[in-house]
Amino acid sequence: MIPLSYYLVLSAILFTIGVVGVLVRRNAIMIFMAIELMLNAVNLSFVAIGKHLDSLDGQVFVFFVMAVAAAEVAVGLAIIVNLSRNKETINVDEINIMKW
Amino acid sequence: MDLVIPKIDALSLCPELVLSITAMLVLLVTVYLPKGRKDPAAYVGLLGIFIALMSLTLLWGKPRYAFNNMIMVDNFSIFFNMVILVTAALSILMSITYLKEEGMSHGEFYALILFSAVGMMFMTAGANLITIFLGLETMSISLYVLAGFLRDSNRSNESALKYLLLGAFSSAFLLYGIAFIYGATGTTDLKGISEFLSRATYMKDPMLLAGMGLLLVGFGFKIATVPFHMWTPDVYEGAPTSVTAFMSVGVKAAVFAAFVRVFSHALWDLQPDWNQLLWILAVLTMTLGNVIAIAQTNIKRMLAYSSIAHAGYIMMGMIASNELGTSSILFYMLAYAFTNLGAFGVVILFGRKGEGNLDIEDYSGMGFKYPVLGLLMAVFLFSLAGIPPTAGFVGKFYIFSAAVKAGYIWLAIIGVMNSLVSVYYYLRVTVMMYMKDPVKDLEGLHWSPSMIVALIIAVAGTLLIGIFPSPYLDLAKQSVLHLM
Amino acid sequence: MKIGQRWPEDEMYKWGSYFGLAPKIAKTWPCLRFSQYVSNFCSVDNWRNREMLDYVWLVPLFPAIGFLINGLFGYRLSKGFVGVLACTVIGLSFLTSVLIFFDLLQLPPESRSFEKIIYTWIPAGDFKTSVGFLVDPLSIIMMLTVSGVSFLIHIYSVGYMHEDEGFKRYFTYLNLFVFSMLLLVSANNFLLMFVGWEGVGLCSYLLIGFWYERKAPADAGKKAFVVNRIGDFGFLLAMMLIFVTFGTLNFHGVFGAAHHNNEVSTLVMTAITLLLFLGATGKSAQIPLYTWLPDAMEGPTPVSALIHAATMVTAGVYMVARCSVLYTLAPVSLTVVAIVGVATALFTASMALAANDIKRVLAYSTISQLGYMFLACGVGAFSAGIFHLMTHAFFKALLFLGAGSVMHAMAGELDMRKMGALKPHMPKTYWTFLIATLAIAGIFPFAGFFSKDEILWHAFEKNTILWALGACAALMTSFYMFRAVFMTFHGESRVDAEVKKHLHESPSVMTTPLIILAILSAIGGFVGIPIIKGANVFHDFLTPVTGGHVAGSVEVTLGNLAYASSSALSYGEAVQHNVGLEIFMMVVSLIIAFGGLGLAYLMYLKDPSLPRRLVEKFKLLYHLILNKWFVDEIYDFLFVNPIKRGSTVLWQFFDAKVIDGIVNGSGWCIKWTSSVLKRIQTGYVQNYALSILVGAVAIIFYFLLV
């Protein structure tokens, strides 16, 4: 049996990849995907911990997270589409009218 | 394993249910309304809020768990829910004419406000990290849309995108924190966590501490704590002003409620660990917020920084972590709700389509041109600055005296110094209004009845709480009494 | 409601809880009461009821009403109505104060302390702060002085500001100003006092910067505001310390506890009192926070009169006198107060010697006189300080209003070198101004003589050096004030031809207040004659609040703070013992005053050639300074330059570098930091995300490592 820590480390690696993705990608959609990756990394943790503890809470939580993520994606894509219509770019470096 | 269907305790959720149903009703109603005349949708929403408020009072004083310990209905959540409902109601009242002027009068706006308020109410009532997370997301997703509601405005778009990306980013941290806490304690139930911690002998479990840190990041983001505050000015500036008003008060109230529940109760045994850190964060938050606010030229941005500073003050109540401290958070939130909504109300009323009249310079001579509006703004700004006899003063006084009483004298001194600094930029607006000649034409103010009602409520609240604070403090005290 | 009967706690609470003041107001609607008062005015029975004490809240309420009406509806009202209303409300306040005063006199001296609690304002745990008023000899004297002098200034303002565009705005602010000040002096706890304190600071800012179109007033207003914030900071910290130490902010509670509780260390007491004093130096313009006051004359002249005489600057002195119990327990603080006071008195008096701007002379003299008051407090003679505060209110208001009258006639000219021989043109102004000058110079039997003499006498008892410095300042005071009189009203006319045609006496709406104030300045001192029957009426009246503590054997009870007849008697004896010496000291004071007068007379009136002859002697120097106006230069050379050099250095160093440096520097520094820090906010969403990440990593490391 694979010990819990393996899952947790994998989850941490995935989470880190997601964080790095958020920080380095310039395309808003890619950033968004990276955030999804972070969420799914957390989901992995939940499932693994739930299995380890033999409790269902973790699994249930994952369903909620997936539902929330789906809603977030729907809203997020709508916002990004709207933005690309207005500004004709989704490069986050060009989106800084408001600063200071 | 047998399947137990939990009791459906609809009564405990009555306000949330009423609000959700109203929101859907608003969506339905708005379909049948002619374009550009969506006012009735707003009134339906207001009616729903009123009913929800009434049903809240029925629940007062009868603390209980519902839905298999997922929800906790106690005076604490009811108090915050009242603040949230008042905030939602005032925001809707302020939005009606504003949206028309911006050419964006859509019924969905009101539905989203209501959905967001439902999310907030679930946060305050959450007895389980799952509920708190779901409430937070319901609230946030609605707000992402609301922030970008002015579809054609670049600023509004940018505001929505920034809020969305950073909000989702910070949610991931929060979620990771929940996962760690779950891993360390084996439960996501707040009571379960607190029981686990009181039994636990080894408190320095790295998983638990990391989880707590990540939770702090998630909550800190929503209440705009330094260094997670960066989104606030941009989002507040770009979002439609009535949404900014709603966000600045509602989100703070809801997240602080959850924050107090999780940290001051579930994680109480780790208090020595997080207290010092919160001390540092509070000092950073109020200092940075106040200092940067001085250099602002846009009034929405200035109020955004001021809201950051206020989050710092409110955190003092958490650090004090005694009964007085917690009740002072509640009281401060109430005072802050009326004051900040009022200030934004004046900004909305005085503003023009697009980005008109949002510079502090534009307020020059406003006090002479519109004496009543000027006086209202002065009252709200004085209250934000904590000058007596306004609600803000009493609120600050409570928070500071709670900190002093708990022995955090230096924190209180820093707080006092900060509020002295803050007077500078609040007063600058007053000075503009009363001691400068107009730089531009100030004609064309559109007093709508709904806005007048909203401003009257806000100013009445601000002054009443400032002059006769004791019943409200009593309310706040009773609210923390049965905190489970 | 009978006197002495206090509101039951729960009932009090109820009043506050529901905004149920309405039935109470309806029940005792003041107008009804007033008509009753008027109708039964002569009825002795009614006086005995002493019901007026219950209505102390009316004193600050009237100006508040005036402020609200003028502020909200002023733009629809006529100028005349606004002016009349503003004056009426202050007049009503004064009338109420007078009635309260007589009621208070009916009470036996040991129970002359009455608390009227309106409702519990802020209940925080076991500690409560109420909106409540305290009537005792100290506060009633302040109420009378503030409302009385303000009333006269209001009337004067109607004439003075008549042409001004901001007439209504002016009276709105003025009413708010008086309201704040009355609240400050009548409050029964530190917190409510702080409310008034803040209000006064705010109004001074608004009024000094009243003519905001010009740069100087706007800057002066800002300076006053910033300097006062520094003082406020001291006050706030002191309040926090008091709260931590005593667990209450109520005056009776704090002073009672301070008196009985010997566990409170002297160190804490010293810290509290020094911080309070920092607040007082801000409001009352003492070293090091005095710099705002000379600039404050950029406001309209009646405002200067109000700030300098009745309100604002006296707040600090009042506060120190109010806290006399605390100060008595902290000898170090008392010494600091005395030294700062006398240093300020001397330092600023020397500045007044050289000033040519008539308002600037008066401004420096105010600071100097305030220094006297603090000197009095510092040597433990709190009642003498308050006495001087009162007489000073009379003659300083008169001086400023007189200067305003001169300005009015001279089309705004302030430079005394361009005046002279105004006496025949404006006799009323001249005579009243002269009386005020006699009073401030301390010449018998005018008001200033008694109060100043009393202070010097107490200083002498305490420390001869303090006395000598004080006497030196007195000499300068006498000199520069008479110099001002002679340069303005006597001698040759140096008025511009154009202005000369329009010289006129001010209208009677302006001169009547002058005359009333002149009468007060002339006879006001007699309430405090020191050696009638060995006791001082004024002092005895104040003893329950101030004097008793020095004796130390005082019983503090709730509702009656610190009256011990024994202490009063012992004080009386002390006076008896030294009658001879005291009379001698009075004569010395008089000689000093006349010395100053004579010197000014010699230099500016009798023998204007004297300076010329002196010039002959010092021909070389004369040539060096020929290109300037000779009298001032000679006089500068002979008398002032040594002092002036020193004070210039001091001024440049302290005033321009240190004080202004700190004031402007801190403001500038914060602004700069602000504009730098806001650049962190780059607008790039990924930078924000990075900041979140860095914060998260830092927090986790903190938790894991610490």
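Two residues are taken to be in contact if their C-beta atoms, placed from the backbone, lie within 7 Å. In the predicted model described here, the contact between chain A and chain B, defined in this way, takes 31 residues from chain B and 32 residues from chain A. On the side of chain B that touches chain A, the elements giving two or more residues are helix H5 (129-147), helix H6 (154-185) and helix H9 (231-238) of chain B, and the largest share, 16 residues, comes from H6(B). By residue type, this side of chain B divides into 16 nonpolar, 8 polar and 7 charged residues.

Chain B also meets chain C, in a contact that takes 54 residues from chain B and 46 residues from chain C. Several elements of chain C give two or more residues to the side that touches chain B, among them strand E1 (114-124), helix H10 (215-246), helix H31 (630-677) and helix H32 (685-705). The element of chain C that gives the most to this side is H32(C), with 13 residues. The residues of chain C on this side divide into 29 nonpolar, 13 polar and 4 charged.

The secondary structure of chain B itself, the chain that takes part in both contacts, comes to 19 helices and 2 strands. Along its principal axes, the C-alpha trace of chain B spans about 70 × 55 × 40 Å. A compact globule of 484 residues would have a radius of gyration near 23 Å, and the 21 Å found for chain B agrees with this. Of the 484 residues of chain B, 68% count as buried, and among its contacts between residues at least 6 apart in sequence, 79% join residues at least 24 apart.

Within chain B, the axes of helix H3 (residues 75-102) and helix H19 (residues 470-481) come within 6 Å and cross at roughly 140°, and H3(B) and H19(B) are therefore oblique to each other. Asn75(B), Phe76(B) and Phe79(B) of H3(B) make this contact with residues of H19(B) that include Leu475(B), Ala476(B) and Leu481(B). The residues of the contact of H3(B) with H19(B) divide into 6 nonpolar and 3 polar, with no charged residue.

In chain C, helix H22 (residues 464-489) has 26 residues and reaches 37 Å from its first C-alpha to its last, which is close to the 38 Å expected at 1.5 Å a residue. H22(C) is mostly covered, with 22 of its 26 residues buried. Just after H22(C), Gly491(C) takes a positive phi of about 70°.

Note on methods. Residues numbered from 1 in each chain as written. Chains lettered and ligands numbered in written order. Predicted model: local features only at pLDDT ≥ 70, side-chain atom pairs only at ≥ 80, totals over all residues. Helix = DSSP H or I, 4+ residues; strand = E, 2+ residues; numbered from the N terminus. Nonpolar A, V, L, I, M, F, W, Y, C, P; charged D, E, K, R; others polar. Expected span 1.5 Å × (residues − 1). Buried ≥ 20, exposed ≤ 12 C-beta atoms within 10 Å, placed from the backbone. Axes fitted to C-alpha atoms, helices over the stretch in contact; angles between N-to-C directions. Parallel < 35°, antiparallel > 145°, perpendicular 65-115°, else oblique. Rg over C-alpha atoms; globule rule 2.2 N^0.38 Å.
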